[in-house]
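Dear colleague,

I am handing over the structure below for your study.

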Amino acid sequence: MTDTVSVSGLSVRAGDRVLVEPLDARIEGAHCLGLIGESGSGKSLTARALVGLLPPGIVASGQVDFGGNRIDLSLPDRDAAWGEVRGRRAVLLLQDPFTSLSPVHRCGEQIAWSFAARDRAVSDSSTRLGRRSHRRYAAEVAALLAELNLDEAVAQSFPHELSGGQRQRVAIASAMATRPDLLIADEPTTALDASNQGEVLDLLRGLQRQRGMAMILISHDLGLIRGRADEVVVMRAGHVIERGETSSVLSSPRAEYTQALIAANPSIESLGHVHPDDAIASTSTAAHKATSLLEVRGVTKAFGGHTAVEAVSLEVGAGEILAVVGESGSGKSTLARCITGLEMPDAGEILLNGVPLPAGRRGRTPGQMQIVFQDPYSTLNPIFSVRQTLAEALRASGRHGADSEVDELLARVGLDASLAARRPSQLSGGQRQRVSIARALAPDPRLLICDESVSALDVLVQADILDMLAALRSSLGLTILFITHDLGVVSRLADRVAVMSGGALVETGPTVQVLNAPKHPYTMRLSAAARSNSLLANQGEAGGSHDGV
Amino acid sequence: MTTLVQPSRRRGTRRRRRDSPGVLVILSFIVLALVAVAIAFSGVLVPNATTQDILSGSLPAGSAGHLLGTDELGRDILQLTIAGTASAVVGPVVIAVGSMLIGVLFGALAGFLRGSTDWVVGRATDVLLALPVMLVALVVAGILGSGYWVTVGMLVVLFSPSDVRIVRSGVMEQAPRPYVEAAQMLSLSRPRIMFRHIVPNVLPLILTNMLLNIAFALVTLSSLSYLGVGVQAGTADWGRQIADGRSIMFANPAAIIVPAVCIIAVACAINIVGDWLGDRFQNRGVE
């Protein structure tokens, strides 16, 4: 099963529009090809074309050769020839472990389906999978689960009983079970927490290498590809911008675009060098001692029987950027919502400038604080134009909402005034997020809360917006509370870090200190994971250890 | 060596083809256009449909001067049917629009405010939904007399629970979205958030449901007319025509068939157009 998979002339088009320019690739067994690009670059279409699962109206051309078995990629997705390819020759591992597993079947059974599919293909006898026949594969399923560091009990669990990382490992198990020639992993860890990503990817890479499969690893994150892919292809708008051996592309990128991608990659290593905002950071930390703008005292919030936030107290100094870090479910978003008053805390107090605020939204004013949400697609009212949205925000804060005021607001977030007439559907994700920052700035809030505000954006856009926030902090004296799971973002922006785990605040301190010398076990794990995924970390060493494949 | 991607012409035509209405939709629009003409010009077209010179008994279809024959009072079926369009269609439109307005008001309040408001509105709709429409109509007619507008008013109330529920569920789906929370962060008033921000985003759902309600109300109102509740005897009305035509069913089948076909055709036309518009609304904003 160490066949070489070769792709020749793969291109994807919708009508006359070419979405992916012809691409050739050769992946030897046990090797891994990394495919890098931002959203819209055509990397996912390439993956789907290889298993004949393109959306309606989009067609592929070209050929793929699995160790002598050729298939024409232009065949329609219902063609019988694909039955031989999908599952047996090539498997697509999807991004979202929350929807890629069937919610009504036990995980063990779902993995057993793959084993049954493998046997069907080999013996060609109609081994139909009866209601209980998955038990036949119980031993194989258990062995595979053990290889993925999963407990045996997982076989008896339903997907909703598992964490995201566990679910994705179950999905990997069922992808591995058929022993395909080619495993295509489309952003396999993007939906997972930072502390989980590296571990799951390493497991995936280890199993794939051991079984001699070829792998295509698709990601927008250069840090995750580093040390895992042998060769890398950088795509942009359907074109291959650059390709080559991973370590050489990352250490000496030739294309300007690749250089920009590497520069934008939020790396916590930048802390080891001179922090560009060191001066500001130290002054604001000093200022924080004198005046704390926001004070949270013993805030607790439970949903049903589950305590999401437990007795959290923290302070944010005027002009400071405090990052609240934690994995999903750690209660960081709930804390932010309690501070804004969108959620009623069960206990505790929120003080702004030493004055207690009402628990809910009632009795609060827009100028006290504003929030920027994560999802750029639902953060703006889809039927309002940008001008309507911003004018309303200005009027709500006692101004006229005149066109000139709207234009000024747009300029502040780096958008052209000509965008004012557009609706959200006509804007890119980054532009929408800038508009929502403009809306939040309209009432001149003293505190800006960013709840994962850049995590849905591409790396380059992310970097731009983070730089913009840092600039706004200096020009407006803004205080920012930044909720994130991404330590790279933290090191780029924050003066201080508060780490949450299981609803409680486990560690607080200056960014440099918390990231370089974490005290709490959770923080250590997070920091180690981020370090191993970060681009510049131990470049030579990591590159060397994987060269001998 | 990159070439600019040309704007695709073929893609454009495919879009148009997908959006272009089918034969049924075009037929439905023709039916609705005829209805509009009949309502607008019935005074000119058939000024004395109900008061024509009364002959003796009914004439079969195809009689001289009466294409579809006459009813038992000697009134021309074709003229009567045209004159009956107004009462057949205007009432249902009023019912659908009226129940929609009630639905938007109470549905938005229940779905956005939740809590006790939601409970009260929810129980009120439960009670209304439990009432059998026909029975209530007969009872109301017995108490208030059987006027056309009394019946219409009653149907507005009886139709509103489904509107309330649909608007409520739509509002509940929108309420937790970040754009609504952003509006709350701006301390906008609750009516403004409900009716300026949320309701317009639920509008496709509301309008589609309203169009479907017109067809349902048309059938309900005609049934009530048939039972003698609603329009006064002697008034031109399709449901009434069917009821009156029973006695001459064999002498002139057209007396029943024509108004019945009209009811079915208009109800179907409104449903088809409603579906088509609903699909278009749903695709709005999807580029």
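Helices (H or I, at least four residues) and strands (E, at least two) are DSSP runs, numbered from the N terminus. Contact here means heavy atoms within 4.5 Å. Seven of the eight residues of α7(B), which spans 178–185, are buried, so the helix is largely enclosed by the rest of the structure. The buried residues are P178(B), Y179(B), V180(B), E181(B), A182(B), A183(B) and M185(B). After α7(B) comes S187(B), with a positive phi near 55°.

The model is predicted: local features need pLDDT of at least 70 and side-chain atom pairs count only at pLDDT 80 or more, while totals for chains, interfaces and linings use all residues. Residues are numbered from 1 along each chain as its sequence is written, chains are lettered from A and ligands numbered from 1 in the order in which they are written, and side-chain values use heavy atoms, leaving out hydrogens and water.

In chain A, α14(A) packs with helix α15 (residues 459–476) at an angle of about 20°, their axes being 10 Å apart. Axes are lines fitted to C-alpha atoms, for helices over the stretch in contact, and angles run from 0 to 180 degrees between N-to-C directions. The two helices are therefore roughly parallel (angles under 35 degrees; over 145 is roughly antiparallel, 65 to 115 roughly perpendicular and the rest oblique). To this contact α14(A) contributes G430(A), Q433(A), R434(A), I437(A) and L441(A), and α15(A) contributes V461(A), D464(A), I465(A), M468(A), L469(A), L472(A) and L476(A).

Chain A also has an open sheet of four strands with antiparallel pairing, in the order β12-β11-β14-β15; two strands pair if DSSP finds at least two bridges between them. At the edges stand β12 (306–317) and β15 (355–356), each with a single partner strand, so one side of each has no neighbour in the sheet. Two bridges join β14(A) (residues 347–352) to β15(A), and L352(A) has V355(A) as its bridge partner.

Elsewhere in chain A, strands β9 (residues 231–236) and β10 (residues 239–245) pair in the antiparallel sense over six bridges. M235(A) stands opposite V240(A).

How values were computed:
Buried < 20%, exposed > 50% of the residue type's maximum accessible area, 1.4 Å probe, protein only.
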